[in-house]
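The notes below are in the order I looked things up.

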Amino acid sequence: MQKNSLRKSSPLTFMDISLHRTLLYGLAALWVFFLHLPFKMPKVGGWTLVYYIQFYGACGVEMFMLLTGYGLYLSLRKHGLRKFYIHRALRVWLPASLISLVVCIFKGCTVWTAAGVLAVFPYWFGMPAPWFAGFILLMYVIYPLFHWMLEHHKKTYFLLCVLAWPVVFVLCGLFENVIQPIGQGFARIPVFMLGVALTPAFVENKKIPLWIIPAGFACFIAIMLLKSAVYFPIGISYCLRTVAYTSLSFSLIPLFAYIARFLLKCGLGRAFYKICAFFGGISLEFYIIFIHVRNAMLEMPVYSTVTDNLLKISLVGGITSIVLSVLTRWLCGVLIQEFNKTKIPE
């Protein structure tokens, strides 16, 4: 009992974050889902805090970016380069393409549009495709290079991480119209690189300094106040927001990892933990499906007040997306298993 108590009161380390990574993925996914609900919380009275939580929901993406690097490190070390690419493609490209195929069929898209959506990568050329799937797949392709640099030229990689931010700012400022269609992904490349740069801290199980939590919050508030007080071009403004959300994520990830220790101590907390971890397991499918379901339902005729209708869409769309996400994940698993069973002559 004394040893268990000592472990729970031990300093927070990067292994705590790794241990609760699925929970953190789930919280990030739910936060992004909350942002995209058609029903927006009112900015009045006691709802004001909930309004701001919803308003800053895109921060969930930055949380995901910072958490991804160590998972990719473990996957590459375990499977090797060839299987790493196969696993990443099957985990992201397959479900994203299946979902997009169904949407293209129902929307009657042209063959050219459907091909771009199914390939996912053409997102980077301005074609209509799921931005997150297109972004993360490209990062997975590049990741082995980052991994190699981190192992053999660590200082050079850290320098690239530092330089990535001003480069993105300059390019977004100079070529705003060109970059705007891919702005969601382009502005987050430095965040992904930063997540990869944290890998040594996970491997060495470094202690997380407590000052990082208030420092991240302070940096977030300072940048958001600057954005509201000074006019910036759209491209620069989006990059500043990404930096602010990254700062906030640096506070929230260790904070949530610390709270997870207490959630596991009681039945209600464990139930909440399991629900969030469940969403962490279907986060990709849930995000992509909900966006399509929400947009489809918004195009339907309204037979009630606008507020009432948006609330119904939020509830029904959310429940429908959960069910479809589980079915998509199951179907992809079956397809992968059957493909692996297929034998060819030697």
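I searched the whole structure, a predicted model, and found two cavities of 30 Å³ or more.

I listed its lining as F14, I17, L66, L67, L198, F202, I208, I212, F250, I253 and P254. The elements that give two or more residues to this lining are helix 2 (14–19), helix 5 (59–107) and helix 14. Helix 14 gives the most, with three residues. I sorted the lining by type and got 11 nonpolar residues, no polar and no charged.

I turned to the second largest cavity, which has a volume of about 40 Å³. Its lining consists of A29, V32, F33, H36, F286, Y287, F290 and I291. By type I recorded seven nonpolar, one polar and no charged.

I212 lines the largest cavity, and I looked up helix 13 (residues 212–229) next. Helix 13 has 18 residues and spans 26 Å from first C-alpha to last, close to the 26 Å expected at 1.5 Å a residue. Which of its residues are buried? I found I212, I213, G216, F220, I223 and M224. They lie on the same side of helix 13, because they cover an arc of only 105° around the axis. The buried residues pack against helix 14 (234–263). On the face turned away from the buried side I noted the exposed residues L225 and A229.

Technical notes:
Residues numbered from 1 in each chain as written. Predicted model: local features only at pLDDT ≥ 70, side-chain atom pairs only at ≥ 80, totals over all residues. Heavy atoms only, no water. Helix = DSSP H or I, 4+ residues; strand = E, 2+ residues; numbered from the N terminus. Expected span 1.5 Å × (residues − 1). Buried < 20%, exposed > 50% of the residue type's maximum accessible area, 1.4 Å probe, protein only. Arc of directions from axis to C-beta. Contact = heavy atoms within 4.5 Å. 1 Å grid on protein atoms, 1.4 Å probe; cavity = no way out; pocket = protein on both sides within 12 Å on 5 of 7 lines; lining within 4 Å. Points joined across faces, edges and corners; volume = space filled by probe spheres on them. Nonpolar A, V, L, I, M, F, W, Y, C, P; charged D, E, K, R; others polar.
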